[in-house]
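Welcome! Take a moment to look over the model, and then we can walk through it together.

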Amino acid sequence: MSTTATTPQVLRLANLKAVLSVMRANGAVTGTDLIAATGLTRATAIAVCDDLAARGWVRELPGERLVGTTKGRPARRFEFNPAAGCVLGMDVGMATATVLVADLKGRTLARVSERFEKPPASAASRRATIKQVVASALAEAGLPPSAVLAAAIGVSTVVDRHGKVAAGHELSEHFDIGLQTEVFADYGWPVLLENDANLAALAERWSGVGTGVDDLAVMLAGERLGTGLIESGRLLHGCNGGAGEVGTLELVDGVGSQDGIARLARYWGNEALAADKPTLIRELVGPGTSRVSARFVFEAAARGDEVAQGILERIGLRMARVIAVLGTFFNPELVVIGGAVAASASALLPTIARELPRLAATPPRVAVSEFGDAIVAAGAVRLALDYVEEHAMELAPADAPA
């Protein structure tokens with residue numbers, strides 16, 4: 001016999017999810033509120049609340065009489081319990097591992113970052129560093145490992161819609177360290193994997209400058225360019241996770257590579273010093289070295305240095321062409337420049353805004369992210385929360401009543 005939506009068990013599960021969704025999106029609610037939001041009868045709504053409270057997802061608040069009434073029992077009030085557990089959002093990069101611990105409302109409880117050993121650390125060393133960062137973050141949040149309901153990890157490779165690394169894009173030795181198997185095997189957490197730029201897009205639409213924008217592109221633009229795409233409110237993966245990959249930029253006139261803003265600033269800054277051009281960059285770098293950081297180029301430009309301003313103009317022209325390609329092929333309403341370089345990238349916006357109208361028939365708006373280098377980990381938090389919301393009835397909240 002087939003199971004249908006009218007099967008009692010399925011109907012009960014649907015009611016639980018519906019009520020939990022209403023509570024998660026609102027503050028304290030009464031049975032009357034739930035009736036209006038879900039269409040359930042009062043008896044069913046209250047029974048569902050009692051069930052959720054027994055599971056630990058909901059807590060009952062003191063009763064409260066309606067204004068102007070003195071008779072009868074106070075209305076029962078319930079609210080979602082954000083302390084029923086926590087999620088982990090992780091950004092595992094080449095050089096650094098960052099972990100955010102968030103409650104079930106998405107509020108950050110702790111953030112810890114740690115650099116991996118140099119030269120290229122072994123798989124065992126990288127695993128140990130990640131475990132230590134997670135342990136430190138949980139300790140800072142004052143939570144045990146048992147409180148974690150899901151963990152999500154961002155990596156800089158192609159990941160398909162099923163959370164698997166796409167064929168032909170296997171992780172390098174820097175990432176192929178058992179992120180979904182060995183690292184957290186002792187805890188038994190659901191561990192989700194996603195492309196870093198896709199997570200950046202989730203973060204921006206969730207609580208960044210792209211909040212509420214249904215057609216959005218978020219570009220991680222530090223060392224190399226990578227783009228996460230949201231179309232009609234949905235994260236795009238493509239048939240094998242390659243949507244948003246910009247590996248063919250060498251074919252675009254005036255671009256030529258996936259080099260990001262920080263890398264270009266260093267490269268052209270080094271060129272300026274090698275050519276012995278008079279520039280404030282030399283003073284900022286100091287004597288005895290020709291190694292330029294992107295920070296020095298942006299700082300010199302802000303202080304009026306013509307050589308540095310020329311470098312930023314070149315970067316702005318190049319980024320305008322990349323954004324024009326995105327605007328032409330994907331037609332987003334908004335393109336957000338994100339990553340650690342975002343704070344400095346605002347200096348490029350005038351050039352980009354000037355150039356885009358002549359490069360694209362439908363130029364998108366362009367903004368810079370306010371997340372800084374936490375953007376990928378923040379998106380991982382959102383992905384983990386989505387998992388918890390979808391699988392809530394299969395998970396056991398950390399503080400469920402005994």
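How do the residues of the lining of the largest pocket divide into nonpolar, polar and charged? There are 13 nonpolar, nine polar and nine charged, where Ala, Val, Leu, Ile, Met, Phe, Trp, Tyr, Cys and Pro count as nonpolar, Asp, Glu, Lys and Arg as charged, and the others, Gly among them, as polar. This is a predicted model, in which local features need pLDDT of at least 70 and side-chain atom pairs count only at pLDDT 80 or more, while totals for chains, interfaces and linings use all residues. Residues are numbered from 1 along each chain as its sequence is written, and side-chain values use heavy atoms, leaving out hydrogens and water.

Now turn to the aromatic rings. The structure holds two aromatic pairs (rings of Phe, Tyr and Trp, the last by its six-membered ring, with centres within 6.5 Å; planes under 30 degrees apart count as stacked, over 60 as edge-to-face and the rest as tilted). Phe184 and Trp189 form a tilted pair, because their planes meet at 35°, with ring centres 5.4 Å apart. Tyr187 and Trp189 are stacked, because their planes are at 10°, with centres 4.4 Å apart. Together, ring pairs link Phe184, Tyr187 and Trp189 into a cluster.

How do these residues sit? Phe184 is buried, at 3% relative accessible area, and Trp189 is buried too, at 9%. Tyr187 is partly exposed, at 42% (buried means under 20%, exposed over 50%, partly exposed in between, with a 1.4 Å probe and protein chains only).
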